[in-house]
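Biologist: I'm new to this one, and I'd like a close look at a single part of it. Could you put it up for me?

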Amino acid sequence: MTHDSEQQSWFKQNYIALQTIWIKECTRFLRIWVQTLVPPAITMSLYFIIFGNLIGERIGPMDGVSYMEFIVPGLIMMSVITNAYSNVSSSFFSAKFQRNIEELLISPVPTSVIILGYVGGGVARSLIIGVLVTLVSMFFVDVNIQHPVVVIVTLILTATLFATAGLINAVFAKTFDDISVVPTFVLTPLTYLGGVFYSLKLLPDIWQVVSQANPVVYMVNGFRFGFLGKSDVGIDISMILLVAFNALMYGIAYYLLKTGKGIRS
């Protein structure tokens, strides 16, 4: 067998492995779509009704657009973040708890393929929910996307980042309760303080500086720039940080799975 044929065989095997993990992850959340896809759409509808229609009319324009238009990108991003994270953290921990993740780790499947398979499932679920929330928002406001490429890139990078973070959380989790600690005490505060419902320009100068330490601010504002062409932070900084955080999270996840920390110990 020549070197080229060996390489083609290697790529084919890894592609099949990646496809298998990804399909398994997608089938998992699609099989129970009433629990995984419908609740976020209903929750976001309530946000639109309460914050957009009822409170938004009293607040008035925000950063030159109606309050409803302003919060739409943030609410979409919030649903993407929470679902990308929760999908992978719960799925990977279940595999770890049932001890079948060890079969993958001792198989000839590369660590990178395992990560991409699980993360790909979380990204798929979050993108579907992102589309659903966008469709729901169209019942309340005219959605105009100024920079489609920025919207797509920001959405994928953010979903990938939090899906990978969910995998890392699952590796360290010892019980099912542990996978809810980060979403409750970290993700929720960061998201609500990430400029979803307000512009950073409304904050005192000191709090504007403090808010810039919140990574969610750059994701929400990058996504908002794609929709409205407006952002409280530079779009170039948002993209650089998203790529950097993705690289960092992937490196951590790869190290944990490669060494078996939290799984084999």
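Which residue just after helix 4 takes a positive phi? And please walk me through that helix while you're there.

Modeller: That's Arg-99, with a positive phi of about 70° just after helix 4. Keep in mind that this is a predicted model. Now back up into the helix itself. Helix 4 covers residues 67–97, so with its 31 residues it reaches 44 Å from first C-alpha to last, close to the 45 Å expected at 1.5 Å a residue. Of those 31 residues, 26 are buried, so the rest of the structure largely encloses helix 4.

Asn-87 has a relative accessible area of 0%, so it counts as buried. Leaving out residues up to four places away in sequence, Asn-87 touches Glu-25, Arg-28 and Phe-29, and also Gly-121, Gly-122 and Arg-125.

Next, look at how helix 4 meets helix 10, which is residues 215–228. Their axes come within 9 Å and cross at roughly 130°, which makes helix 4 oblique to helix 10. The crossing is right-handed. On the helix 4 side, the contact is made by Glu-69, Phe-70, Pro-73, Gly-74, Ile-76, Met-77 and Ile-81. Helix 10 brings Val-216, Met-219, Val-220, Phe-223, Arg-224, Phe-227 and Leu-228. As for the spacing, an α-helix has 3.6 residues a turn, so residues three or four places apart point the same way.

Definitions and conventions
Residues are numbered from 1 along each chain as its sequence is written. This is a predicted model: local features need pLDDT of at least 70, side-chain atom pairs count only at pLDDT 80 or more; totals for chains, interfaces and linings use all residues. Side-chain values use heavy atoms; hydrogens and water are left out. Axes are lines fitted to C-alpha atoms, for helices over the stretch in contact, and angles run from 0 to 180 degrees between N-to-C directions. Helices (H or I, at least four residues) and strands (E, at least two) are DSSP runs, numbered from the N terminus. Angles under 35 degrees count as roughly parallel, over 145 as roughly antiparallel, 65 to 115 as roughly perpendicular and the rest as oblique. A crossing is left-handed if the near helix is turned anticlockwise from the far one by less than a right angle, and right-handed if clockwise. Contact means heavy atoms within 4.5 Å. Buried means under 20% relative accessible area, exposed over 50%, partly exposed in between (1.4 Å probe, protein chains only).
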